[in-house]
Amino acid sequence: MSPSRMAEYLETDRLLLRHFTENDAELLVELDSDSEVMRYLSGGVPTPPERIHREVLPRLLGQYEKWDGRFGLVAAHERAGGEFIGWFILRPKADGPTDEVELGYRLRKAAWGKGYATEGSAALLHKAFTELGVRMVWAETMFVNRGSRNVMEKLGMTHVQTYWPDLPPIEGSEHGEVRYEIVAPTTDLGV
Ligand SMILES: CC(C)(COP(=O)(O)OP(=O)(O)OC[C@H]1O[C@@H](n2cnc3c(N)ncnc32)[C@H](O)[C@@H]1OP(=O)(O)O)[C@@H](O)C(=O)NCCC(=O)NCCS
């Protein structure tokens, strides 16, 4: 299917963000099979394809239902040429309020270093604050994931916490996990 025919979520200068469909398992399998992409997520271990087919994709499709397509994981494509470059996420906690949402991103290595994570995320923040009634956006990553932290900092997010989750250790996890937040800009009514 060409990206122009897919359900569109958001467009930026260079990117098209759209909902995933049940036909997209292989895109997720390929993305999660790159040990460099997975370095700060699993220590480089690919996500088993079976898990993507049976758990990951059905769950993310279910989340579109839950939030009427307003929140969830969205596929990102280059507008020029339509290449799949990875995904972004804008999602409340499972049982949390919908005005507090998590921002995340996972891009194919070929797409790194072009400003795509910052461009897609900035557009998502704008959508969250202007259309989706979001008050606060948070993002978390490993302290040592400099690239991800740089994106958060370029977005104007503030480092609010470093913590040590109870997870199996991977390289760098001794430095902990960082949480960044940003709140919706307040409107100056000039009164
Ligand atoms: C982290 C990631 C999303 C960055 O994507 P990207 O599109 O390359 O990021 P951008 O091009 O928007 O870069 C934003 C800034 O961070 C810098 N940066 C990006 N990757 C970097 C890295 N590995 N080390 C240091 N700086 C980095 C960029 O130079 C840029 O700063 P600049 O404009 O001052 O040059 C991408 O590397 C990725 O998907 N990694 C694998 C998955 C992952 O770790 N996701 C986050 C887990 S929470």
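## Buried or exposed?

A residue counts as buried if 20 or more other C-beta atoms lie within 10 Å of its own, as exposed if 12 or fewer do, and as partly exposed in between, with the C-beta atoms placed from the backbone. Take Gly-62: it has 10 C-beta neighbours inside 10 Å, so it counts as exposed. Gly-62 lies in helix H3, and its C-alpha atom is separated by 9.4 Å from that of Gly-72, 10 residues apart along the chain.

Before going on, a word about what you're looking at. This is a predicted model, where local features need pLDDT of at least 70 and side-chain atom pairs count only at pLDDT 80 or more, while totals for chains, interfaces and linings use all residues. Residues are numbered from 1 along each chain as its sequence is written.

Helix H3 covers residues 49–66, and its 18 residues should span 26 Å at 1.5 Å a residue; the end C-alpha atoms are 25 Å apart, which agrees. (The expected span is 1.5 Å times one less than the number of residues.) There's a kink of about 30 degrees at Val-56, shortly before the proline Pro-58. That bend is the angle between axes fitted to the seven residues ending there and the seven starting there.

Which residues of H3 are buried? They include Ile-52, Leu-57 and Leu-60. Among the elements covering the buried residues of H3 are helix H1 (25–31) and strand S3 (72–78).

Asp-68 sits in the loop between H3 and S3. With 8 other C-beta atoms within 10 Å, Asp-68 is exposed. Its phi is near 50 degrees, a positive value in a residue other than glycine. Why point that out? Because most residues other than glycine have a negative phi.

## The nonpolar core

A nonpolar core is a set of buried Ala, Val, Leu, Ile, Met, Phe, Trp, Tyr and Cys residues joined through C-beta atoms within 7 Å. The largest one here has 38 residues, and those touching the most other members are Leu-17, Val-74, Ala-76, Phe-88, Leu-90, Ala-128 and Val-137. Helix H4 (residues 116–130) gives the most to this core, with 5 residues.

Let's zoom in on Val-74. Contact means that two C-beta atoms, placed from the backbone, lie within 7 Å. Not counting residues up to four places away in sequence, Val-74 touches Tyr-9, Leu-17, Arg-18, His-19, Trp-87 and Phe-88. Tyr-9 has 21 C-beta neighbours inside 10 Å, so it counts as buried. Tyr-9 and Ala-76 are 67 residues apart in sequence, yet 9.7 Å apart in space, C-alpha to C-alpha.

## Around the ligand

How many residues surround the ligand? There are 21, and the closest are Ala-117, Thr-118, Thr-141, Gly-147 and Asn-150. Strand S5 (100–107), H4 and helix H5 (146–154) are the elements that give two or more residues to this shell. H5 gives the most, with 6 residues.

The shell divides into 8 nonpolar, 9 polar and 4 charged residues. Here Ala, Val, Leu, Ile, Met, Phe, Trp, Tyr, Cys and Pro count as nonpolar, Asp, Glu, Lys and Arg as charged, and the others, Gly among them, as polar.

## Two loops to look at

Gly-113 is in the loop between S5 and H4, and with 10 C-beta neighbours inside 10 Å it counts as exposed. Gly-113 and Gly-147 are 34 residues apart in sequence and 9.1 Å apart in space, C-alpha to C-alpha.

Ile-170 lies in the loop between strand S7 (158–163) and strand S8 (177–183). With 17 other C-beta atoms within 10 Å, Ile-170 is partly exposed. Ile-170 touches Ser-42 and Gly-43, not counting residues up to four places away in sequence.

Conventions: Helices (H or I, at least four residues) and strands (E, at least two) are DSSP runs, numbered from the N terminus. A residue is near a molecule or strand if its C-beta atom, placed from the backbone, lies within 6 Å of it.
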